[in-house]
Amino acid sequence: MLAFLLTLMLLLGIVIVLAYAERKVAAFMQDRMGPTEAGPYGSLQSVLDVLKLLQKEDIVPAAADKKLFKLAPILIFAAVFAGFAVIPFTPDLIPAGIGIGVFYLLAIISLDVVGLLMAGWGSNNKYAMLGAMRSVAQIVSYEIPAGLAILSVVMICQSLDFQEISYQQGVLLNRFPGLEFEKNWLFGIEALGINTTNIGGITTWNIFRAPLLLVAFVIYFIASLAESNRAPFDIPEAESELVAGFHVEYSGFRFAILFLAEYSMMVLVSLVAVILFLGSWNTPLPNLTTLKLANWTTGTVGELSGILWGGFWLLSKTFVLLFLQLQIRWTYPRLRVDQLMYLCWKVLTPVALVIVLLAGIWRLLMV
Amino acid sequence: MKKSSVTHKTGFWEVVKSLLSGLRLTWRHFRNADKRRAPVPVMDENYFKQPEGLVTLTYPYEAIPVPENGRYRLHNEIDDCIVCDLCAKICPVNCITIESVKATEEIGMTSDGTKKRLYAPVFDIDMAKCCYCGLCTTVCPTDCLTMTPVYDFAEVDIKNMIYHFTDLTPEQAEEKKQLLAKQQEEMAAAKAAALAARKQQ
């Protein structure tokens with residue numbers, strides 16, 4: 001229960017910051033100023049937006065399928081929020097440390113699709129229906145390259161446990177029960193003979209441990225943009241043609257929940273990308289002969305320093321990825337439906353399949 | 001001769017290159033977000049030479065100065081006005097309403113030395129009708145009617161768009177009218193008396 005509340009609070013905080021950052025970043029990239037009035041530099045703007053939404057009337061269209069319409073936002077948010085249960089925030093802080101975290105995450109996020117379809121159908125609105133159908137088609141399609149990219153990580157790490165994958169990517173490798181005698185080699189190739197177990201830092205991140213995971217990371221990042229309905233894959237929402245896609249009929253609290261779910265999805269996919277590819281809560285600084293940078297910036301596991309350093313690295317890497325998501329939204333134009341499907345089925349999926357194959361071979365080099 | 005700008009660019013690396021150049025562009029704008037366009041008037045030589053930074057003007061707090069010969073809200077300096085009615089006559093949209101009352105004696109001088117002989121109990125300019133042609137300011141003999149640089153004067157009630165420039169209260173105007181009527185009565189009486197006196201001769 002405590003983990004539930006803490007995660008919810010953390011998530012709300014991040015989403016508020018993200019919503020404000022989105023408006024400011026968008027404004028700066030377009031040579032505008034963004035919010036300036038509410039609070040210093042408009043920093044209270046997103047808080048006020050939330051307060052405004054909570055005060056608004058909750059309108060349910062007369063012709064809507066009321067049960068589905070009312071339930072959909074809660075289902076969507078619940079599906080996304082449930083994904084946070086297996087996210088390790090620090091070396092010893094994880095809401096639910098289950099052994100099949102990766103599998104659970106992929107499964108529970110897929111529920112999102114059901115909620116989207118409920119919202120689109122329940123609204124009894126053409127735009128909402130179109131938006132929901134596009135959204136579902138897109139999310140279901142892009143789960144395949146994303147899933148394959150994640151699969152290649154799982155093959156390299158030989159684990160479905162997020163916490164174990166995190167431990168593997170840093171100096172704390174041998175502290176994880178069951179990994180006491182594991183070793184990290186440079187680029188994961190034992191034949192090179194360079195032991196990086198105690199060097200840590202960026203040299204043990206998955207994208208460094210098995211450089212082909214860099215390609216998997218790019219694939220995953222593109223697919224995750226599509227899964228969270230972000231530009232340039234935002235055809236389900238397409239402000240200019242579908243008004244807002246599946247949530248066009250929603251107002252007040254329910255809209256706030258949908259909005260929250262959308263931004264939570266962004267945070268979640270970025271967190272997963274960081275955990276699987278970019279070293280999770282591990283520091284990027286390696287230990288150099290006498291400069292024990294990695295040890296200094298890791299802290300002691302189980303103590304406050306470990307929690308603070310872990311949280312700091314995880315969140316700062318996540319925010320870098322989130323910024324990239326924002327920047328991409330304000331840089332690239334929206335793809336057409338056929339281009340979207342082309343990219344998914346004819347480019348990303350074949351490449352991801354090859355990566356999975358190569359990841360299997362790479363794993364053989366690592367042991 | 002092949003022009004690189006017209007050749008159709010295809011291939012993986014061309015796509016990557018163009019994607020990166022897009023990101024560079026937005027990143028450059030993001031980095032320049034600490035600079036701001038200065039609110040300089042169009043006359044300033046730097047007006048067109050500020051390619052970088054945010055272009056937004058936080059309007060009520062800052063504004064681009066207007067040109068000196070710009071035509072915006074009218075203002076009448078009633079102390080200098082001789083109530084000649086020229087402005088009302090030339091106005092193409094009849095937005096100036098003037099009523100005049102003759103003074104019983106000379107009431108003063110304008111700042112350029114013209115004698116004032118008329119009171120103006122009504123001097124109204126309906127800025128909602130005004131077409132900002134500026135004709136009234138050109139005909140004004142004492143230069144009391146001028147265009148000011150004020151352009152932001154929207155009102156909720158359209159009645160407030162009528163600007164009253166008279167310096168007389170209604171009571172004072174009534175008093176002046178009665179004074180004039182009394183004087184004219186006296187003059188008429190004097191005239192009648194003089195006429196009667198002449199007839200008797």
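**Notebook: helices of chain A, then chain B**

I began with helix 8 of chain A, which is mostly covered, with eleven of its 15 residues buried. The model I am reading is a predicted one.

I looked up the extent of helix 8 of chain A: it runs over residues 213–227. From its first C-alpha to its last it reaches 20 Å, close to the 21 Å expected at 1.5 Å a residue.

I then listed the buried residues of this helix. They are A:Leu213, A:Ala216, A:Phe217, A:Ile219, A:Tyr220, A:Ile222, A:Ala223, A:Ser224, A:Leu225, A:Ala226 and A:Glu227.

What do the buried residues of helix 8 of chain A pack against? I found five helices of chain A named: helix 5 (126–157), helix 7 (206–209), helix 10, helix 12 (304–329) and helix 13 (337–366).

I also checked what follows the helix. Just after helix 8 of chain A, A:Asn229 has a positive phi of about 55 degrees.

Next I turned to helix 3 of chain A, residues 66–83. I noted 18 residues and a reach of 27 Å from the first C-alpha to the last, close to the 26 Å expected at 1.5 Å a residue.

Where does helix 3 of chain A bend? I located the bend at A:Ala72, and its angle is about 35 degrees. A proline, A:Pro73, follows within four residues.

Both A:Ala72 and A:Pro73 are on my list of buried residues for helix 3 of chain A. I looked for their cover, and it includes helix 4 (101–122) and helix 10 (252–277) of chain A. Helix 10 of chain A had already come up among the helices packed against the buried residues of helix 8.

I moved on to the contact between the chains. Eleven residues of chain A are in contact with eleven residues of chain B. On the chain A side, helix 1 (residues 2–29) gives the most, with three residues. By class, I recorded that side of chain A as six nonpolar, three polar and two charged residues.

Last, I looked at chain B. Its domain assignment gives domain 1 (11–65) and domain 2 (74–180). The C-alpha centres of these two domains of chain B lie 46 Å apart.

In UniProt, I found an unreviewed entry that lists residues 173–200 of chain B as "coiled-coil region". I checked that stretch in the model: residues 173–200 of chain B are 100% helix and 0% strand. The C-alpha atoms at the ends of that stretch are 40 Å apart.

Conventions. Residues numbered from 1 in each chain as written. Chains lettered and ligands numbered in written order. Predicted model: local features only at pLDDT ≥ 70, side-chain atom pairs only at ≥ 80, totals over all residues. UniProt positions renumbered as here; feature names shortened; annotations may be inferred. Helix = DSSP H or I, 4+ residues; strand = E, 2+ residues; numbered from the N terminus. Expected span 1.5 Å × (residues − 1). Bend = angle between axes of the 7 residues up to and from the residue. Buried ≥ 20, exposed ≤ 12 C-beta atoms within 10 Å, placed from the backbone. Contact = placed C-beta atoms within 7 Å. Nonpolar A, V, L, I, M, F, W, Y, C, P; charged D, E, K, R; others polar. Domains from an automatic or database assignment.
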